[in-house]
Amino acid sequence: MGMDKGLLRRKDLDALISAMRATAVVYAPVRDDRGSVMFHEVDSALDVRLDGTNTLTSPKGLFFPQREILMRFSGAALTNADLPDGFFVVFGIRPCDASSLPWLDCVLCGGEQPDPYYQERRKNALVIAAACDRPGPGCFCTSVGGSPYGTAGADVLMSGAKEDDALLFEAVTEKGRQLLAANAQLFSPADAQATRGREERAEAARRSMKVMDLNGLKDKLDAGMDSPLWDSLTRTCLGCGVCAYICPACHCFDITDEKLGGDGVRVRSWDSCQFPRFTLHASGHNPRPLKKARMRQRVMHKFSYAVETAGTVFCSGCGRCVRSCPVDLDIRRILAAFKDLP
Amino acid sequence: MAGVAEDIRRLAGELFQAGKIDLLIGFEQGTGSYRARPVFVESAAGAEGLTWDSTCSSNLAVYLPSLFRREPQKKGAERALPRVAVVAKACDMRSLVALIKEKQAPRENLFIIGIPCRGMVDERKLAAEMEKATGRVDVTDLSESEDSICATTPDGRKVEMAREPLVQDACRECRFPVPQGADATVAAPSRPPANGDDGAVLQFSRRADEERWKSFEEEISRCIRCYACRQACPTCYCTECFAETNRPAWIGATAEITDTMIFHIIRIFHQAGRCVECDACVRACPMGIDLRPFAGKIALDVREMFGFTPGFDLESPPPLITFKDDDRQDFITEPHRG
Amino acid sequence: MKNPYAPIPVTIDDVFIENEQRDIKTFRLAFDREEDRACFAYLPGQFAELSLFGTGECPIGIASSPTENGHLLFSVKRTGVVTGELHASAPGRRMGIRGPLGHSFPWQRMEGKNILIVSGGFAFTTLRSAIVYMLDPANRQRFAKITTVYGAREPGELLYKKSIADWAARPDIEFISTIDRQKDGWDGKVGLVPNVVKELAPSAENALALVCGPPIMIKFTIPVLLELGFAKEDIILSLENRMKCGIGKCGRCNVGPVYVCKDGPVFTWAELEKLPAEY
């Protein structure tokens, strides 16, 4: 018995968060003491930032942490690390970040051997997305099949309503419907005006972004593996891991052992195809010895290989890689350059 | 700043036309025209996009070691080393001197274009001001005058801010804003040098040991091990970094706090006598970690213990790779004495 | 909870030094638990991740054949951290394996065909598995003529010396060992593998070629096979790449859109030709 949608007055957001906290930890975007907006655990709606520019890092770390213990060993005896437990709510995630969760699912939960740690976190989470009314100048979700009011990966989509006095909650999944129903007393019915208003806001948000026409990009990329553009467009790349680590869709990881005496752990941690040692064989041979090959891999993985294997580009257009790149290397420039090739 | 940019473009054009250089590393307008970004230019035509403003904060010396790295070559078909022009602020110049001394770039292959500096705008300070003024950090355009910075928001609003408070702390405490030893120095205003009293590094160094450690741990707890600090640093050019070797594995690969603290400690100690406090590491860090007190503390120690500030003198050997018979040894025999 | 990263416990049963340089050893591993042995169903061509707790894992082709009563053989060259630690290990050491991983040689396609095996150096390991499998009385009649050209720099570097001597003497397989340059005491064939194949000129009629060797050998063998009339889909290769998870998740071993671990390591030349040479 779920509920499809409802209106919540902004001043009742606190009550909703409290109600959710009865059974789950709630993470939401808050400004920290450094002035960066990041996802942190919250106990009230007080500091939650639902508007403003997107969080500094994507919330993928809530599902796929930088460091995760996979197993413990003592001598030759092995125990699996405990599955993460506890429900949590990711409150106020943007549609761009939410849209990459199904892609992470595809890789990490796909095949016959799903990653149980990632999978458990996904199972334990409720994703409440906040629609984006003011996409930033670096955002380009609509150029990669996304939308500031997109619902992919979300259980509920929230958007401003009634002159911003209220929030319209729309359930996307059954989990979302259950959440709304469980807190029905906080919601009033979403009338036709609210729905129409939402459509108008969505349209305005979409229109506010310039759309890059990336039709046919994959074919151009596939044909351009040897293009000198890979060299000329990547020369200033520093070869750090910022773009991969800050990206909501990047998921490459390393597995290493750490031990003290005979005891230790095997851990999974973030890795980046931009590091030279990512593909380095023990023999010393490196299939991607040059920086341009590594940046090419990043772009090809997201805009060609993923299309072939998962049916979608692995880029949500969140713009973080552009914003946070120490040398302002803009992936959109690379895409445009290849798109424009004859 | 327009005059400076014009001068750079003209000089670049002349150098290319005279066939004196193969490559010029400078700045061009970046994404969304609110900041500049490094650019590699290989012709006079390419030089027309060169720019100069208060967002040209990257230390371009970082690109040199890989340009001059000696790879195995076929006999008879040896590649000549490139002749490279680099646009350099005073801090960048000092990094260049350090690299030249360490044989990472041959002086005779470099044409250094020195630019006196008024200090660069701190992107985070700008974002904080924009947030206060507009509720968002988004900027689509930035222009400047002598005393102010004007930012344009996506909806066309113009926000005027005083320039000096937006300048990076490292720049505000910069003791050497005019590059020395360049091949050509463009006429540009520079800020008065700070006198070195009571900057953030000195303040940090005066705190008690436990406080400094706690502060370091807190700051480093934000680290995600992306290595942007290392990659942005001109004097971090090892092709095999201690942080990533596995024979032996000196530190763990994850962002576990003790491994991460050791990474930063060792990296910063490796910079002793070489770090020019250009703040490239601070600016590159996506998490906003303030590494300056720590790197600066090491630089301060080297100044005090060896009387050496890196980056001025091509002749004097870096203190940490030289050995003199009368060097102190009591730090080994009596480590707890002052 | 099924943890795909958790290895199955095994113990080193025996260690055999394969080559004169003493940097290739064959490890015989025994499963600690009978139920693990019973479900470890593999076919020649597949690999496993060998796991040393506290050190790490390395992906190694399975050298034993499933017809060889339940123990596993892995021939490992000492190269890096994990292989180094493995080489320093003695029988009795407990360790782990994850597998079987990857796709095997295309056994369904190989039914009824003439099989040409071309190999060099220590890439021969999974081909040992293939040969033992095919020669097993239960399987031999499924395949037609089996021809093998296996080369090494010097006689001391050939693997499985006893086995290849036995095979050379058998009537149901033509087994030619070759070394790069004449050496005292060697009265077998001398010549680089691609040249020996060219000279042998095996028929491409109803044939499939399994080619495993160092990149340089592969580079020069493929044109020979194409000239002999082998179709690109009938030239089967096995790739190596740096791996971690071995199950297509960590993103490290991809060659274009395919992962060497889960889509390979076996690929046809027709497939490989279309992929970027990032391996």
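Reader: What does the accessible surface of chain B come to, and what share of it belongs to carbon and sulfur atoms?
Author: In this predicted model, the accessible surface of chain B comes to about 16100 Å². The share of that surface belonging to carbon and sulfur atoms is 52%.

Reader: How many helices and strands does chain B have, and what is its radius of gyration?
Author: The secondary structure of chain B comes to 12 helices and eight strands. For its 338 residues the globule rule gives 20 Å, and the radius of gyration is close to that, so chain B is as compact as a globular protein of that length. Along the principal axes, its C-alpha atoms fill a box of roughly 60 × 60 × 40 Å. The radius of gyration itself is 21 Å.

Reader: What percentage of the residues in chain B are buried, and what percentage of the contacts between residues at least 6 apart join residues at least 24 apart?
Author: A residue counts as buried when its relative accessible area is under 20%, and in chain B buried residues make up 54% of the 338. Among the contacts in chain B between residues at least 6 apart in sequence, the part that joins residues at least 24 apart is 68%.

Reader: How far apart are the mean positions of the positive and negative charges of chain B?
Author: Chain B carries 44 positive and 52 negative charges.

Reader: What area is buried between chain B and chain A, and which three residues of chain B supply more of it than any other three?
Author: The size of an interface is often given as the accessible area lost when the parts come together. Here 50 residues of chain B are in contact with 44 residues of chain A, and the area buried between the two chains is about 3600 Å², with carbon and sulfur atoms giving 50%. Of the area that chain B buries against chain A, 17% is supplied by the three residues B:Arg136, B:Arg222 and B:Thr254.

Reader: Is B:Tyr227, with its positive phi, buried or exposed?
Author: B:Tyr227 is not a glycine, yet its phi is about 65 degrees. Its place is in the loop between helix 7 (209–220) and helix 8 (228–232) of chain B. With a relative accessible area of 5%, B:Tyr227 is buried.

Reader: Which residues of chain C is A:Arg288 in contact with?
Author: A:Arg288 lies in the loop between strand 11 (263–270) and helix 10 (291–310) of chain A, and at 1% relative accessibility it counts as buried. Leaving aside neighbours within four places in sequence, its contacts in chain A are A:Phe278, A:Thr279, A:Ala293, A:Arg294 and A:Gln297. From chain C, the residues in contact with A:Arg288 are C:Asn254 and C:Glu278.

Methods: Residues are numbered from 1 along each chain as its sequence is written. Chains are lettered from A and ligands numbered from 1 in the order in which they are written. This is a predicted model: local features need pLDDT of at least 70, side-chain atom pairs count only at pLDDT 80 or more; totals for chains, interfaces and linings use all residues. Side-chain values use heavy atoms; hydrogens and water are left out. Helices (H or I, at least four residues) and strands (E, at least two) are DSSP runs, numbered from the N terminus. The radius of gyration is taken over C-alpha atoms; the globule rule is 2.2 Å times the number of residues to the power 0.38. Buried means under 20% relative accessible area, exposed over 50%, partly exposed in between (1.4 Å probe, protein chains only). Contact means heavy atoms within 4.5 Å. Accessible areas come from the Shrake-Rupley method with a 1.4 Å probe; for residues, only the protein chains shown count as cover. Lys and Arg count as positive and Asp and Glu as negative; His and the chain ends are not counted. The place of a charge is taken as NZ of Lys, CZ of Arg, CG of Asp or CD of Glu. Buried area is the accessible area (1.4 Å probe) that two parts lose on being put together, summed over both.
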